[in-house]
Amino acid sequence: MSERNTMSARNDKQVGNGGDLLVQVLREAGVDTVFGIVSVHNQPLVQAVSKHLRFVPVRHEATAVSAADGYARATGGLGCALTSTGTGAGNAAGSLIESLSAGTSVLHVTGNVESRYLGSGRGFIHETKDQLGMLTATSKHAATILDTDGAGKVLREGVAAALAAPGGPSSIEWPIDLQYAEHVIDVVEPVSESPRTPDVDELAVAFALLQSAERPVIWAGGGVATAGVELTELVEQWGVPLLTSNSGRGAVPEDHPLCIGNYGNTPVGRELLQDADLLLSLGTHFRSNETGDYSMPVPAVHVQVDIDAAAIGRVYPAEAGVTADIATFLRQLSGLTPVDAAWTERARATRELVRSKQRAGLGDHAVLCDAVRAAFPQDSVIARDVTIASSSWGNRLLPMFDPKSNVFPRGGGIGQGLGMAIGSALADETRPTLALVGDGGLAVHFGEILTMAQEKPWLVLLVFNDGGYGVLRNMQKGGGEDTYAVDLVTPDFPLLAQSIGVPYLRIGGAGEAHEVLADAVSRQAPVIVEVDLAAYGDMPAPFTPPVTVPGKAAQ
(Lines give C-alpha, C1' and ligand atoms only; values in the text may rest on other atoms or scores of the structure.)
Protein backbone atom coordinates (compact mmCIF):
# COMPACT_ATOMS: atom_id res chain seq x y z
CA MET A 1 0.00 0.00 0.00
CA SER A 2 1.40 3.38 -0.95
CA GLU A 3 2.00 6.23 1.51
CA ARG A 4 -0.93 8.09 -0.03
CA ASN A 5 -3.34 5.39 1.05
CA THR A 6 -2.21 5.40 4.67
CA MET A 7 -3.07 8.03 7.25
CA SER A 8 0.09 9.48 8.82
CA ALA A 9 1.11 12.31 11.13
CA ARG A 10 3.23 15.14 9.78
CA ASN A 11 3.99 18.28 11.76
CA ASP A 12 1.29 17.29 14.28
CA LYS A 13 -1.34 17.09 11.52
CA GLN A 14 -2.95 14.02 10.06
CA VAL A 15 -2.45 13.64 6.31
CA GLY A 16 -3.89 11.21 3.80
CA ASN A 17 -5.50 11.12 0.39
CA GLY A 18 -8.96 12.28 -0.64
CA GLY A 19 -10.51 9.02 0.48
CA ASP A 20 -9.20 9.52 4.00
CA LEU A 21 -10.65 13.00 4.03
CA LEU A 22 -14.04 11.72 2.86
CA VAL A 23 -14.07 9.10 5.63
CA GLN A 24 -13.43 11.80 8.23
CA VAL A 25 -16.24 14.00 6.91
CA LEU A 26 -18.65 11.05 6.85
CA ARG A 27 -17.73 10.08 10.40
CA GLU A 28 -18.49 13.64 11.51
CA ALA A 29 -21.93 13.26 9.90
CA GLY A 30 -22.62 9.90 11.57
CA VAL A 31 -22.46 7.84 8.36
CA ASP A 32 -21.14 4.29 8.68
CA THR A 33 -22.34 2.72 5.40
CA VAL A 34 -21.78 3.99 1.85
CA PHE A 35 -23.29 2.71 -1.40
CA GLY A 36 -21.71 2.85 -4.83
CA ILE A 37 -19.77 1.35 -7.71
CA VAL A 38 -15.98 1.35 -7.91
CA SER A 39 -14.42 2.97 -10.96
CA VAL A 40 -11.06 4.17 -12.26
CA HIS A 41 -12.32 7.63 -11.36
CA ASN A 42 -13.17 7.01 -7.70
CA GLN A 43 -10.83 4.23 -6.47
CA PRO A 44 -9.15 6.27 -3.69
CA LEU A 45 -12.58 7.10 -2.25
CA VAL A 46 -13.91 3.55 -2.42
CA GLN A 47 -10.67 2.10 -1.02
CA ALA A 48 -10.74 4.32 2.06
CA VAL A 49 -14.45 3.77 2.70
CA SER A 50 -14.02 0.00 2.32
CA LYS A 51 -11.16 0.05 4.85
CA HIS A 52 -12.63 2.32 7.50
CA LEU A 53 -16.44 2.17 7.04
CA ARG A 54 -18.73 -0.20 5.13
CA PHE A 55 -18.89 -0.01 1.36
CA VAL A 56 -21.85 -1.73 -0.34
CA PRO A 57 -21.14 -2.43 -4.04
CA VAL A 58 -24.50 -2.04 -5.78
CA ARG A 59 -25.00 -2.92 -9.45
CA HIS A 60 -26.17 0.45 -10.82
CA GLU A 61 -25.40 4.05 -9.90
CA ALA A 62 -29.07 4.92 -9.62
CA THR A 63 -29.37 2.31 -6.88
CA ALA A 64 -26.35 3.78 -5.10
CA VAL A 65 -28.36 6.97 -4.61
CA SER A 66 -31.63 5.12 -3.92
CA ALA A 67 -29.94 2.99 -1.24
CA ALA A 68 -28.32 6.08 0.29
CA ASP A 69 -31.76 7.70 0.20
CA GLY A 70 -33.32 4.73 2.01
CA TYR A 71 -30.49 4.73 4.55
CA ALA A 72 -31.06 8.44 5.22
CA ARG A 73 -34.81 8.03 5.67
CA ALA A 74 -34.40 5.04 7.97
CA THR A 75 -31.82 6.81 10.17
CA GLY A 76 -33.20 10.32 9.94
CA GLY A 77 -29.70 11.47 9.00
CA LEU A 78 -27.39 11.54 5.98
CA GLY A 79 -26.88 8.91 3.29
CA CYS A 80 -23.86 8.73 0.98
CA ALA A 81 -23.43 7.40 -2.57
CA LEU A 82 -20.22 7.14 -4.61
CA THR A 83 -20.36 7.02 -8.40
CA SER A 84 -18.03 7.40 -11.32
CA THR A 85 -17.99 10.40 -13.58
CA GLY A 86 -19.77 10.94 -16.92
CA THR A 87 -22.13 8.05 -17.57
CA GLY A 88 -21.92 6.98 -13.93
CA ALA A 89 -23.00 10.38 -12.68
CA GLY A 90 -25.69 10.49 -15.37
CA ASN A 91 -27.03 7.12 -14.25
CA ALA A 92 -27.47 8.57 -10.77
CA ALA A 93 -29.54 11.53 -11.98
CA GLY A 94 -32.97 9.87 -11.79
CA SER A 95 -32.50 8.87 -8.17
CA LEU A 96 -31.12 12.32 -7.34
CA ILE A 97 -34.40 13.73 -8.67
CA GLU A 98 -36.27 11.43 -6.26
CA SER A 99 -34.10 12.57 -3.37
CA LEU A 100 -34.71 16.19 -4.40
CA SER A 101 -38.46 15.60 -4.62
CA ALA A 102 -38.54 13.94 -1.20
CA GLY A 103 -36.12 16.32 0.51
CA THR A 104 -33.87 13.43 1.54
CA SER A 105 -30.38 14.27 2.84
CA VAL A 106 -27.96 12.49 0.49
CA LEU A 107 -24.29 13.25 -0.23
CA HIS A 108 -23.47 12.11 -3.77
CA VAL A 109 -19.75 12.13 -4.50
CA THR A 110 -18.77 11.52 -8.10
CA GLY A 111 -15.42 11.53 -9.82
CA ASN A 112 -14.24 13.63 -12.70
CA VAL A 113 -11.33 13.66 -15.13
CA GLU A 114 -7.99 15.09 -14.09
CA SER A 115 -8.26 18.72 -13.06
CA ARG A 116 -6.02 19.90 -15.92
CA TYR A 117 -8.53 18.47 -18.42
CA LEU A 118 -11.71 19.85 -16.83
CA GLY A 119 -13.91 21.51 -19.43
CA SER A 120 -11.48 20.81 -22.27
CA GLY A 121 -13.99 18.75 -24.24
CA ARG A 122 -11.24 16.61 -25.72
CA GLY A 123 -13.03 13.31 -25.13
CA PHE A 124 -11.09 12.14 -22.08
CA ILE A 125 -12.50 8.79 -20.90
CA HIS A 126 -15.63 9.24 -18.76
CA GLU A 127 -15.73 12.95 -19.58
CA THR A 128 -19.09 14.58 -20.21
CA LYS A 129 -20.18 18.05 -21.19
CA ASP A 130 -20.98 20.28 -18.20
CA GLN A 131 -21.32 17.55 -15.61
CA LEU A 132 -21.68 20.19 -12.89
CA GLY A 133 -24.63 21.70 -14.77
CA MET A 134 -26.35 18.30 -14.83
CA LEU A 135 -25.70 17.82 -11.11
CA THR A 136 -26.94 21.33 -10.34
CA ALA A 137 -30.19 20.58 -12.17
CA THR A 138 -30.81 17.34 -10.25
CA SER A 139 -29.52 18.30 -6.81
CA LYS A 140 -30.25 20.82 -4.09
CA HIS A 141 -26.55 21.75 -4.03
CA ALA A 142 -23.66 20.95 -6.36
CA ALA A 143 -19.98 21.89 -6.33
CA THR A 144 -16.55 20.93 -7.68
CA ILE A 145 -13.42 20.27 -5.63
CA LEU A 146 -10.76 22.37 -7.38
CA ASP A 147 -7.79 21.95 -5.03
CA THR A 148 -6.66 20.04 -1.98
CA ASP A 149 -6.74 23.05 0.35
CA GLY A 150 -10.47 23.57 -0.13
CA ALA A 151 -11.60 19.94 -0.42
CA GLY A 152 -12.70 19.56 3.19
CA LYS A 153 -14.63 22.82 3.08
CA VAL A 154 -16.44 21.80 -0.14
CA LEU A 155 -17.37 18.40 1.30
CA ARG A 156 -18.61 19.82 4.60
CA GLU A 157 -20.61 22.53 2.84
CA GLY A 158 -22.22 19.76 0.79
CA VAL A 159 -23.12 17.83 3.94
CA ALA A 160 -24.54 20.96 5.59
CA ALA A 161 -26.64 21.79 2.52
CA ALA A 162 -28.03 18.25 2.34
CA LEU A 163 -29.02 18.31 6.02
CA ALA A 164 -30.41 21.86 6.13
CA ALA A 165 -34.21 22.00 6.14
CA PRO A 166 -35.75 21.32 3.74
CA GLY A 167 -33.26 18.57 2.95
CA GLY A 168 -32.11 17.30 -0.41
CA PRO A 169 -29.15 15.82 -2.28
CA SER A 170 -25.73 17.46 -2.50
CA SER A 171 -23.52 16.38 -5.40
CA ILE A 172 -19.77 16.92 -5.26
CA GLU A 173 -17.55 16.18 -8.24
CA TRP A 174 -13.92 15.38 -7.47
CA PRO A 175 -11.20 15.21 -10.16
CA ILE A 176 -9.30 11.96 -9.91
CA ASP A 177 -5.83 13.52 -9.52
CA LEU A 178 -7.09 15.50 -6.53
CA GLN A 179 -8.50 12.32 -4.98
CA TYR A 180 -5.03 10.76 -5.03
CA ALA A 181 -3.30 13.92 -3.83
CA GLU A 182 -2.21 14.47 -0.24
CA HIS A 183 -4.71 16.25 2.02
CA VAL A 184 -4.53 17.53 5.55
CA ILE A 185 -7.20 15.62 7.50
CA ASP A 186 -8.65 18.03 10.00
CA VAL A 187 -11.43 17.30 12.47
CA VAL A 188 -14.43 19.64 12.52
CA GLU A 189 -17.28 19.48 14.99
CA PRO A 190 -20.60 19.51 13.11
CA VAL A 191 -22.82 22.51 13.78
CA SER A 192 -26.55 21.87 14.18
CA GLU A 193 -28.96 24.17 12.42
CA SER A 194 -31.19 26.14 14.78
CA PRO A 195 -34.91 25.59 14.10
CA ARG A 196 -36.63 28.53 12.46
CA THR A 197 -39.02 30.14 14.91
CA PRO A 198 -42.32 31.67 13.78
CA ASP A 199 -42.66 35.40 13.28
CA VAL A 200 -44.66 36.86 16.18
CA ASP A 201 -47.14 38.68 13.95
CA GLU A 202 -47.65 35.69 11.64
CA LEU A 203 -48.20 33.47 14.66
CA ALA A 204 -50.76 35.83 16.16
CA VAL A 205 -52.84 35.96 12.97
CA ALA A 206 -52.72 32.18 12.59
CA PHE A 207 -53.63 31.53 16.23
CA ALA A 208 -56.64 33.83 16.07
CA LEU A 209 -57.99 32.01 13.02
CA LEU A 210 -57.39 28.60 14.58
CA GLN A 211 -59.07 29.62 17.84
CA SER A 212 -62.19 30.89 16.05
CA ALA A 213 -62.68 27.76 13.93
CA GLU A 214 -65.54 25.42 14.82
CA ARG A 215 -64.80 22.56 12.42
CA PRO A 216 -61.04 22.61 11.72
CA VAL A 217 -59.09 19.88 9.94
CA ILE A 218 -55.32 19.33 9.96
CA TRP A 219 -53.47 18.22 6.81
CA ALA A 220 -49.96 17.00 7.65
CA GLY A 221 -47.23 16.48 5.03
CA GLY A 222 -43.66 15.26 5.15
CA GLY A 223 -42.62 18.33 7.12
CA VAL A 224 -44.08 16.82 10.30
CA ALA A 225 -41.60 13.93 10.33
CA THR A 226 -39.75 15.33 13.35
CA ALA A 227 -42.81 16.87 14.98
CA GLY A 228 -44.78 13.76 15.87
CA VAL A 229 -44.96 14.39 19.61
CA GLU A 230 -46.13 17.97 19.17
CA LEU A 231 -48.65 17.05 16.46
CA THR A 232 -50.12 14.23 18.54
CA GLU A 233 -50.53 16.58 21.49
CA LEU A 234 -52.29 19.16 19.31
CA VAL A 235 -54.67 16.62 17.78
CA GLU A 236 -55.64 15.32 21.21
CA GLN A 237 -55.89 18.75 22.84
CA TRP A 238 -57.86 20.31 20.00
CA GLY A 239 -59.89 17.17 19.21
CA VAL A 240 -59.73 17.59 15.42
CA PRO A 241 -59.49 15.23 12.42
CA LEU A 242 -56.00 14.58 11.07
CA LEU A 243 -55.54 13.97 7.35
CA THR A 244 -52.06 13.27 5.99
CA SER A 245 -50.31 13.12 2.69
CA ASN A 246 -48.48 9.88 1.93
CA SER A 247 -45.28 11.57 3.13
CA GLY A 248 -46.87 12.70 6.40
CA ARG A 249 -47.79 9.23 7.58
CA GLY A 250 -46.53 7.84 10.87
CA ALA A 251 -45.71 11.08 12.71
CA VAL A 252 -48.95 10.41 14.58
CA PRO A 253 -49.27 6.62 14.89
CA GLU A 254 -51.99 5.48 12.51
CA ASP A 255 -53.89 3.54 15.12
CA HIS A 256 -54.76 6.85 16.78
CA PRO A 257 -58.57 7.31 16.75
CA LEU A 258 -58.36 10.85 15.32
CA CYS A 259 -55.84 10.00 12.61
CA ILE A 260 -57.81 9.52 9.39
CA GLY A 261 -54.59 9.31 7.40
CA ASN A 262 -53.91 9.46 3.67
CA TYR A 263 -57.58 9.58 2.65
CA GLY A 264 -58.15 13.27 1.96
CA ASN A 265 -58.93 12.81 -1.73
CA THR A 266 -61.37 9.93 -1.23
CA PRO A 267 -65.11 10.68 -1.47
CA VAL A 268 -65.47 10.49 2.32
CA GLY A 269 -62.38 12.64 2.85
CA ARG A 270 -63.71 15.25 0.44
CA GLU A 271 -67.01 15.35 2.32
CA LEU A 272 -65.14 16.06 5.53
CA LEU A 273 -63.17 18.88 3.91
CA GLN A 274 -66.32 20.37 2.41
CA ASP A 275 -67.93 20.51 5.85
CA ALA A 276 -64.81 21.94 7.55
CA ASP A 277 -64.49 25.69 8.12
CA LEU A 278 -60.67 25.80 8.42
CA LEU A 279 -57.68 23.82 7.17
CA LEU A 280 -54.36 23.89 9.02
CA SER A 281 -51.74 22.50 6.61
CA LEU A 282 -48.31 21.58 7.94
CA GLY A 283 -45.23 21.03 5.76
CA THR A 284 -46.94 19.71 2.65
CA HIS A 285 -46.53 20.06 -1.11
CA PHE A 286 -50.22 19.27 -1.86
CA ARG A 287 -49.07 16.94 -4.66
CA SER A 288 -51.31 16.56 -7.69
CA ASN A 289 -51.90 12.82 -7.25
CA GLU A 290 -53.04 13.36 -3.65
CA THR A 291 -55.40 16.25 -4.38
CA GLY A 292 -57.11 15.04 -7.57
CA ASP A 293 -55.00 17.41 -9.67
CA TYR A 294 -55.87 20.19 -7.19
CA SER A 295 -59.62 19.60 -7.44
CA MET A 296 -59.84 18.47 -3.80
CA PRO A 297 -61.96 21.00 -1.86
CA VAL A 298 -60.19 23.12 0.73
CA PRO A 299 -62.00 25.37 3.24
CA ALA A 300 -61.94 29.09 2.50
CA VAL A 301 -59.91 29.68 5.65
CA HIS A 302 -56.51 28.07 5.16
CA VAL A 303 -53.63 28.47 7.60
CA GLN A 304 -50.42 27.13 6.04
CA VAL A 305 -47.16 26.46 7.89
CA ASP A 306 -43.96 25.52 6.09
CA ILE A 307 -40.22 25.89 6.48
CA ASP A 308 -40.11 27.09 2.88
CA ALA A 309 -41.62 30.57 2.43
CA ALA A 310 -42.20 29.86 -1.27
CA ALA A 311 -44.64 27.07 -0.36
CA ILE A 312 -47.15 29.41 1.29
CA GLY A 313 -50.16 29.75 -1.02
CA ARG A 314 -48.38 27.99 -3.90
CA VAL A 315 -51.17 25.45 -4.48
CA TYR A 316 -54.15 26.54 -2.39
CA PRO A 317 -54.58 30.19 -1.31
CA ALA A 318 -53.63 30.77 2.31
CA GLU A 319 -55.41 33.36 4.46
CA ALA A 320 -52.53 33.13 6.90
CA GLY A 321 -49.03 31.79 6.35
CA VAL A 322 -46.29 31.01 8.86
CA THR A 323 -42.73 30.25 7.77
CA ALA A 324 -41.23 28.19 10.57
CA ASP A 325 -40.07 24.82 11.81
CA ILE A 326 -43.24 22.75 12.30
CA ALA A 327 -42.46 21.44 15.79
CA THR A 328 -41.53 24.93 16.99
CA PHE A 329 -44.81 26.30 15.62
CA LEU A 330 -46.92 23.56 17.18
CA ARG A 331 -45.47 24.20 20.62
CA GLN A 332 -47.01 27.67 20.45
CA LEU A 333 -50.58 26.31 20.22
CA SER A 334 -51.06 24.97 23.73
CA GLY A 335 -53.85 27.47 24.45
CA LEU A 336 -56.28 26.29 21.76
CA THR A 337 -59.78 25.51 23.02
CA PRO A 338 -61.11 22.01 22.20
CA VAL A 339 -63.68 21.87 19.43
CA ASP A 340 -67.24 20.66 19.93
CA ALA A 341 -67.43 16.96 20.79
CA ALA A 342 -69.57 16.29 17.71
CA TRP A 343 -66.73 17.33 15.41
CA THR A 344 -64.30 15.10 17.28
CA GLU A 345 -66.73 12.23 16.87
CA ARG A 346 -66.93 13.04 13.14
CA ALA A 347 -63.17 12.45 12.97
CA ARG A 348 -63.49 9.03 14.59
CA ALA A 349 -66.39 8.02 12.36
CA THR A 350 -64.60 9.20 9.21
CA ARG A 351 -61.51 7.21 10.13
CA GLU A 352 -63.52 3.99 10.41
CA LEU A 353 -65.62 4.68 7.31
CA VAL A 354 -62.75 5.29 4.89
CA ARG A 355 -61.05 2.09 5.98
CA SER A 356 -64.16 -0.06 5.77
CA LYS A 357 -64.89 1.25 2.28
CA GLN A 358 -61.36 0.56 1.12
CA ARG A 359 -61.36 -2.95 2.57
CA ALA A 360 -64.53 -3.69 0.63
CA GLY A 361 -62.83 -2.61 -2.60
CA LEU A 362 -59.74 -4.68 -1.84
CA GLY A 363 -61.49 -7.95 -1.03
CA ASP A 364 -58.96 -10.68 -0.21
CA HIS A 365 -56.10 -8.30 -0.96
CA ALA A 366 -56.80 -6.64 2.40
CA VAL A 367 -55.58 -9.89 3.96
CA LEU A 368 -52.12 -9.23 2.50
CA CYS A 369 -52.12 -5.87 4.25
CA ASP A 370 -53.10 -7.50 7.53
CA ALA A 371 -50.46 -10.22 7.12
CA VAL A 372 -47.69 -7.67 6.54
CA ARG A 373 -48.60 -5.73 9.65
CA ALA A 374 -48.84 -8.92 11.70
CA ALA A 375 -45.47 -10.25 10.55
CA PHE A 376 -43.36 -7.09 10.80
CA PRO A 377 -42.64 -5.07 13.95
CA GLN A 378 -44.00 -1.55 14.14
CA ASP A 379 -40.51 -0.08 13.68
CA SER A 380 -39.75 -2.09 10.53
CA VAL A 381 -39.16 -0.07 7.39
CA ILE A 382 -41.79 -0.81 4.74
CA ALA A 383 -40.09 0.25 1.49
CA ARG A 384 -42.65 0.34 -1.31
CA ASP A 385 -42.04 0.67 -5.02
CA VAL A 386 -44.73 2.06 -7.34
CA THR A 387 -47.05 -0.93 -7.81
CA ILE A 388 -50.70 -1.76 -7.27
CA ALA A 389 -50.26 -3.16 -3.77
CA SER A 390 -48.34 -0.09 -2.68
CA SER A 391 -50.56 2.46 -4.40
CA SER A 392 -53.73 0.90 -3.02
CA TRP A 393 -53.33 -0.51 0.49
CA GLY A 394 -49.61 0.06 1.14
CA ASN A 395 -49.92 3.84 0.97
CA ARG A 396 -53.13 4.03 3.02
CA LEU A 397 -54.53 1.03 4.85
CA LEU A 398 -51.25 -0.42 6.11
CA PRO A 399 -50.70 1.29 9.49
CA MET A 400 -47.52 3.33 9.94
CA PHE A 401 -46.18 4.13 13.39
CA ASP A 402 -43.01 6.08 12.62
CA PRO A 403 -42.10 8.37 9.69
CA LYS A 404 -38.77 6.53 9.33
CA SER A 405 -40.70 3.36 8.51
CA ASN A 406 -42.59 5.02 5.65
CA VAL A 407 -40.21 4.71 2.67
CA PHE A 408 -41.47 5.09 -0.90
CA PRO A 409 -40.60 7.03 -4.09
CA ARG A 410 -42.30 10.37 -3.46
CA GLY A 411 -41.58 11.50 -7.01
CA GLY A 412 -43.49 8.49 -8.37
CA GLY A 413 -40.59 6.85 -10.22
CA ILE A 414 -40.82 3.10 -10.73
CA GLY A 415 -37.96 0.74 -9.89
CA GLN A 416 -36.43 2.46 -6.86
CA GLY A 417 -38.08 0.36 -4.15
CA LEU A 418 -35.54 -2.47 -3.83
CA GLY A 419 -32.60 -0.06 -3.63
CA MET A 420 -34.34 1.97 -0.95
CA ALA A 421 -35.12 -1.23 0.94
CA ILE A 422 -31.49 -2.39 0.83
CA GLY A 423 -30.31 0.94 2.18
CA SER A 424 -32.96 0.91 4.89
CA ALA A 425 -32.18 -2.67 5.89
CA LEU A 426 -28.46 -2.00 6.23
CA ALA A 427 -29.13 1.11 8.31
CA ASP A 428 -30.48 -1.07 11.12
CA GLU A 429 -30.00 -4.84 10.96
CA THR A 430 -31.71 -5.53 14.29
CA ARG A 431 -35.18 -5.67 12.72
CA PRO A 432 -36.61 -6.96 9.44
CA THR A 433 -37.25 -4.71 6.43
CA LEU A 434 -39.88 -5.24 3.75
CA ALA A 435 -39.42 -4.42 0.06
CA LEU A 436 -42.86 -4.31 -1.51
CA VAL A 437 -42.42 -4.33 -5.30
CA GLY A 438 -44.11 -5.36 -8.53
CA ASP A 439 -42.50 -7.55 -11.16
CA GLY A 440 -42.31 -4.61 -13.57
CA GLY A 441 -40.61 -2.27 -11.10
CA LEU A 442 -38.26 -5.01 -9.94
CA ALA A 443 -37.07 -5.52 -13.51
CA VAL A 444 -35.90 -1.90 -13.80
CA HIS A 445 -32.96 -2.58 -11.48
CA PHE A 446 -33.07 -6.36 -11.50
CA GLY A 447 -29.35 -6.66 -10.78
CA GLU A 448 -29.89 -5.43 -7.23
CA ILE A 449 -31.22 -8.87 -6.36
CA LEU A 450 -27.54 -9.83 -6.52
CA THR A 451 -26.67 -7.01 -4.12
CA MET A 452 -29.31 -8.35 -1.75
CA ALA A 453 -27.90 -11.88 -2.02
CA GLN A 454 -24.34 -10.64 -1.50
CA GLU A 455 -24.93 -8.34 1.48
CA LYS A 456 -27.47 -10.64 3.16
CA PRO A 457 -29.64 -8.05 4.96
CA TRP A 458 -32.67 -9.08 6.99
CA LEU A 459 -34.91 -8.22 4.06
CA VAL A 460 -38.11 -9.77 2.71
CA LEU A 461 -38.54 -9.06 -1.00
CA LEU A 462 -42.30 -9.30 -1.57
CA VAL A 463 -42.88 -9.44 -5.34
CA PHE A 464 -46.38 -9.00 -6.74
CA ASN A 465 -46.24 -10.85 -10.04
CA ASP A 466 -48.95 -10.02 -12.57
CA GLY A 467 -46.77 -10.30 -15.66
CA GLY A 468 -46.29 -6.61 -16.40
CA TYR A 469 -47.26 -3.08 -15.47
CA GLY A 470 -50.52 -3.73 -13.65
CA VAL A 471 -51.27 -0.10 -12.78
CA LEU A 472 -51.10 0.99 -16.41
CA ARG A 473 -52.92 -2.14 -17.57
CA ASN A 474 -55.85 -1.28 -15.31
CA MET A 475 -55.75 2.32 -16.46
CA GLN A 476 -55.94 1.30 -20.12
CA LYS A 477 -58.73 -1.20 -19.50
CA GLY A 478 -60.61 1.32 -17.39
CA GLY A 479 -60.47 3.76 -20.31
CA GLY A 480 -62.04 1.20 -22.64
CA GLU A 481 -58.84 0.69 -24.62
CA ASP A 482 -56.98 -2.38 -25.79
CA THR A 483 -53.90 -2.84 -23.62
CA TYR A 484 -50.49 -2.02 -25.05
CA ALA A 485 -46.87 -2.08 -23.84
CA VAL A 486 -47.83 -3.47 -20.41
CA ASP A 487 -47.29 -7.23 -20.72
CA LEU A 488 -43.79 -8.38 -19.72
CA VAL A 489 -41.90 -11.64 -19.46
CA THR A 490 -41.12 -12.37 -15.81
CA PRO A 491 -38.57 -14.81 -14.41
CA ASP A 492 -39.19 -18.17 -12.83
CA PHE A 493 -38.77 -16.86 -9.30
CA PRO A 494 -38.08 -20.25 -7.64
CA LEU A 495 -35.22 -20.88 -10.08
CA LEU A 496 -33.98 -17.33 -9.71
CA ALA A 497 -33.88 -17.64 -5.93
CA GLN A 498 -32.12 -21.00 -6.15
CA SER A 499 -29.49 -19.59 -8.51
CA ILE A 500 -28.45 -16.86 -6.05
CA GLY A 501 -28.79 -18.91 -2.86
CA VAL A 502 -31.79 -17.05 -1.44
CA PRO A 503 -34.84 -18.84 0.01
CA TYR A 504 -38.08 -18.66 -1.99
CA LEU A 505 -41.67 -18.72 -0.73
CA ARG A 506 -44.97 -18.29 -2.57
CA ILE A 507 -48.38 -16.84 -1.71
CA GLY A 508 -51.08 -18.19 -3.99
CA GLY A 509 -54.14 -17.26 -1.96
CA ALA A 510 -55.32 -15.20 0.99
CA GLY A 511 -55.24 -18.22 3.29
CA GLU A 512 -51.47 -18.53 2.90
CA ALA A 513 -50.48 -14.90 3.49
CA HIS A 514 -50.05 -14.82 7.28
CA GLU A 515 -48.13 -18.08 7.55
CA VAL A 516 -45.80 -17.40 4.62
CA LEU A 517 -44.86 -13.88 5.71
CA ALA A 518 -44.30 -14.97 9.30
CA ASP A 519 -42.03 -17.73 7.98
CA ALA A 520 -40.12 -15.26 5.80
CA VAL A 521 -39.51 -12.83 8.67
CA SER A 522 -38.39 -15.59 11.02
CA ARG A 523 -35.42 -16.48 8.80
CA GLN A 524 -33.58 -13.24 9.61
CA ALA A 525 -32.04 -13.22 6.14
CA PRO A 526 -32.96 -12.19 2.59
CA VAL A 527 -36.02 -14.06 1.32
CA ILE A 528 -37.92 -13.76 -1.97
CA VAL A 529 -41.69 -14.09 -1.53
CA GLU A 530 -43.74 -14.18 -4.72
CA VAL A 531 -47.40 -13.23 -4.66
CA ASP A 532 -48.79 -15.13 -7.64
CA LEU A 533 -51.57 -12.75 -8.61
CA ALA A 534 -52.95 -15.05 -11.31
CA ALA A 535 -53.67 -17.61 -8.59
CA TYR A 536 -54.56 -15.07 -5.90
CA GLY A 537 -57.29 -13.33 -7.88
CA ASP A 538 -58.25 -9.75 -8.67
CA MET A 539 -59.47 -6.99 -6.41
CA PRO A 540 -63.25 -6.40 -6.54
CA ALA A 541 -62.51 -2.79 -7.56
CA PRO A 542 -59.43 -2.71 -9.85
CA PHE A 543 -56.96 -0.01 -8.82
CA THR A 544 -56.33 2.83 -11.26
CA PRO A 545 -53.95 5.74 -10.60
CA PRO A 546 -55.44 9.08 -9.49
CA VAL A 547 -54.22 10.99 -12.53
CA THR A 548 -56.14 12.97 -15.12
CA VAL A 549 -55.79 11.96 -18.76
CA PRO A 550 -56.03 15.11 -20.91
CA GLY A 551 -59.16 15.03 -23.07
CA LYS A 552 -60.75 12.15 -21.16
CA ALA A 553 -62.38 14.14 -18.38
CA ALA A 554 -64.57 16.12 -20.76
CA GLN A 555 -65.81 13.06 -22.63
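How many bridges join strand S13 to strand S14, and in which sense do the two strands run? Four bridges join them, and the strands run parallel. S13 covers residues 278-282 and S14 covers residues 302-306. The model is predicted.

**Sheet with S10 to S15**

- This open sheet has six strands in the order S12-S11-S10-S13-S14-S15, and its pairing is parallel.
- Strand S12 (259-261) and strand S15 (320-323) form the edges. Each has a single partner strand, so one side of each lacks a neighbour in the sheet.
- From one strand to the next, the twist averages 20°.
- S10 and S13 run parallel and are joined by five bridges. Ala220 has Leu282 in S13 as its bridge partner.
- S10 also pairs with S11, in the parallel sense, over three bridges. Here Trp219 has Leu243 in S11 as its bridge partner.

**Burial of S10**

- S10 is mostly covered, with five of its five residues buried.
- In a regular strand, side chains alternate between the two faces of the sheet.
- Pro216, Ile218 and Ala220 point one way from S10. Val217 and Trp219 point the other way, and all are buried.

**Helices around this sheet**

- Helix H9 (residues 228-238) packs on the sheet. H9 touches strand S10 (216-220), strand S11 (242-244) and S13. The direction of H9 makes about 165° with that of S10.
- Helix H12 (residues 341-362) lies across S10 and S12. H12 runs at about 40° to S12.
- Helix H10 (residues 267-275) packs with H12 at an angle of about 160°, their axes 9 Å apart.
- Angles over 145 degrees count as roughly antiparallel, and H10 and H12 are therefore roughly antiparallel to each other. Their crossing is right-handed.
- H10 contributes Val268, Glu271, Leu272 and Asp275 to the contact. H12 contributes Trp343, Arg346, Thr350, Leu353, Val354 and Lys357.

**Sheet with S16 to S21**

- A further open sheet of six strands has the order S17-S16-S18-S19-S21-S20, with parallel pairing.
- The edges are strand S17 (406-407) and strand S20 (504-507). Each has a single partner strand, so one side of each is left without a neighbour in the sheet.
- S20 is joined to strand S21 (residues 527-532) by four bridges, and the two run parallel. Tyr504 has Ile528 in S21 as its bridge partner.
- Helix H19 (residues 493-500) packs on the sheet and touches S19, S20 and S21. Its direction makes about 175° with that of S21.
- H15 lies across strand S16 (382-384), S17, strand S18 (433-438) and strand S19 (459-465). H15 runs at about 175° to S18.

**Packing of H3 on H15**

- The axes of helix H3 (residues 61-75) and helix H15 (residues 417-427) come within 6 Å and cross at roughly 45°. That angle makes H3 oblique to H15.
- H3 passes H15 in a right-handed crossing.
- On the H3 side, the residues that meet H15 are Thr63, Ser66, Ala67, Asp69, Gly70, Tyr71, Arg73, Ala74 and Thr75. On the H15 side they are Gly419, Met420, Gly423, Ser424 and Ala427.

**Nonpolar cores**

- The largest nonpolar core has 87 residues. Leu280 and Trp393 have the most contacts inside this core.
- Helix H13 (residues 365-375) supplies the largest share of this core, six residues.
- A second, separate core has 67 residues, including Leu53, Leu96, Leu135 and Ile528.
- Beyond its neighbours within four places in sequence, Trp393 is in contact with Gln358, Leu362, His365, Leu368, Cys369, Val372, Leu398, Leu436, Phe464 and Met539.

**Asn474**

- Asn474 lies in helix H18 (residues 470-478).
- Buried means under 20% relative accessible area. Asn474 has 17% relative accessibility and so counts as buried.
- Its contacts, leaving aside neighbours within four places in sequence, are Ile388, Pro542, Phe543 and Thr544.

Notes:
Residues numbered from 1 in each chain as written. Predicted model: local features only at pLDDT ≥ 70, side-chain atom pairs only at ≥ 80, totals over all residues. Heavy atoms only, no water. Core = buried A, V, L, I, M, F, W, Y, C linked by side-chain atoms within 4.5 Å. Buried < 20%, exposed > 50% of the residue type's maximum accessible area, 1.4 Å probe, protein only. Contact = heavy atoms within 4.5 Å. Pairing = 2+ DSSP bridges. Axes fitted to C-alpha atoms, helices over the stretch in contact; angles between N-to-C directions. Parallel < 35°, antiparallel > 145°, perpendicular 65-115°, else oblique. Left-handed = near helix turned anticlockwise from the far one by under 90°.
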